[in-house]
Amino acid sequence: MNTGELPHWDLSNVYPGIESEPFNAAVEQLSHQMDALDTYLAEHQIARARDAGVTRIILGTSYKAEVFRDHFGDGAGLGVELVYAVEDHPLGTGGAIRHAAQHLLSGPEDPVLVFNGDVLSGVDLVNLRDVHVRTRAAVTLYLTRVSDP
């Protein structure tokens with residue numbers, strides 16, 4: 001096994017919508033700044049996944065989904081294939097993952113990476129995958145402690 005690549009792993013990167021009217025109004029006022037921040041966070045995660053060998057990424061989006069498509073296109077500029085799983089209405093994190101799953105090319109027993117789009121961590125993706133494979137785990141979770149859970 002080549003530990004530097006994840007050739008058969010898909011990545012579902014979920015950006016769940018937020019259903020708060022005050023939040024949405026504030027976001028509209030700060031639209032350009034938020035768009036830049038959202039795409040910066042997504043680009044960071046896409047680059048990290050790509051550098052770990054992931055070649056196909058599903059972006060699950062809801063609120064302002066067009067920002068991602070307009071910015072990233074098909075992903076060729078980032079060296080990956082991007083597929084968009086756009087929700088008609090916010091489905092929450094679990095619903096967004098289920099919605100994105102229909103776009104997976106992997107089989108039901110194949111491993112899939114799932115990132116939460118608004119969480120950054122320093123996880124070593126290649127090591128995480130290697131531990132998952134070596135231990136024959138059904139599921140591997142990488143958890144990050146946050147100051148305000």
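**Entry 1: ground rules**

I call a residue buried under 20% relative accessible area, exposed over 50%, and partly exposed in between (1.4 Å probe, protein chains only). I started with Val112, which is partly exposed, with a relative accessible area of 30%. The model is predicted, so I note its limits: local features need pLDDT of at least 70, side-chain atom pairs count only at pLDDT 80 or more, and totals for chains, interfaces and linings use all residues. Residues are numbered from 1 along each chain as its sequence is written, and side-chain values use heavy atoms, with hydrogens and water left out.

**Entry 2: the chain as a whole**

I listed the secondary structure next. The chain has five helices and four strands. Helices (H or I, at least four residues) and strands (E, at least two) are DSSP runs, numbered from the N terminus. Their order from the N terminus is β-α-α-β-α-β-α-β-α.

I then looked up burial. Of the 149 residues in the chain, 37% are buried. The chain exposes about 9100 Å² (Shrake-Rupley method, 1.4 Å probe; for residues, only the protein chains shown count as cover). Carbon and sulfur atoms supply 54% of that area.

For contacts, I used heavy atoms within 4.5 Å. Among contacts with a separation of 6 or more, 76% join residues 24 or more positions apart.

**Entry 3: the core**

Which residues touch the most other members of the largest nonpolar core? I found Ile46, Ile57, Leu59, Phe72 and Leu82, in a core of 19 residues. Such a core is a set of buried Ala, Val, Leu, Ile, Met, Phe, Trp, Tyr and Cys residues joined through side-chain atoms within 4.5 Å. Helix H2 (31-51), strand E2 (56-61), H3, E3, E4 and helix H5 (125-134) each supply at least two residues of this core.

I took H3 (residues 65-72) on its own. Its buried residues are Ala65, Val67, Phe68 and Phe72. They fall within an arc of 160 degrees seen down the axis of H3, so they line one face of the helix. The arc is that of the directions from the helix axis to the C-beta atoms. Phe72 is also one of the core residues with the most partners in the core. Just after H3 comes Gly73, with a positive phi of about 60 degrees.

**Entry 4: salt bridges**

I counted three salt bridges. The test is a side-chain nitrogen of Lys or Arg within 4 Å of a carboxyl oxygen of Asp or Glu.

Arg56 and Glu81 form one, with the closest N and O atoms 3.5 Å apart. This pair links distant parts of the chain: Arg56 in strand E2 and Glu81 in strand E3, 25 residues apart. Arg56 is buried at 9% relative accessible area, whereas Glu81 is partly exposed at 39%.

Arg129 pairs with Asp130, the closest N and O atoms being 2.7 Å apart. Buried or exposed, for Arg129? Arg129 is buried, with a relative accessible area of 3%. Asp130 is buried too, at 14%.

Arg50 pairs with Asp51 at 3.0 Å between the closest N and O atoms. Here Asp51 is exposed at 56%, and Arg50 is partly exposed at 30%.

**Entry 5: surface and loops**

I went back to Val112. Val112 sits in strand E4 (residues 112-116). With Ile97 and Val114, Val112 makes a nonpolar surface patch of about 190 Å². Patches take residues with over 30% relative accessible area and no salt bridge; like charges are joined within 9 Å, nonpolar side chains (Val, Leu, Ile, Met, Phe, Trp, Tyr) within 5 Å.

Leu91 was next, in the loop between strand E3 (81-86) and helix H4 (92-101). Leu91 is partly exposed at 33%. Neighbours within four places in sequence aside, Leu91 is in contact with Ala96 and His99. Thr61 and Leu91 are 30 residues apart in sequence, with C-alpha atoms 9.6 Å apart.

**Entry 6: after H5**

Most residues other than glycine have a negative phi. Arg136 is not a glycine, yet has a positive phi of about 55 degrees. Arg136 is exposed at 78%.

Ala137 lies in the segment after H5 as well. Ala137 is partly exposed at 25% relative accessibility.
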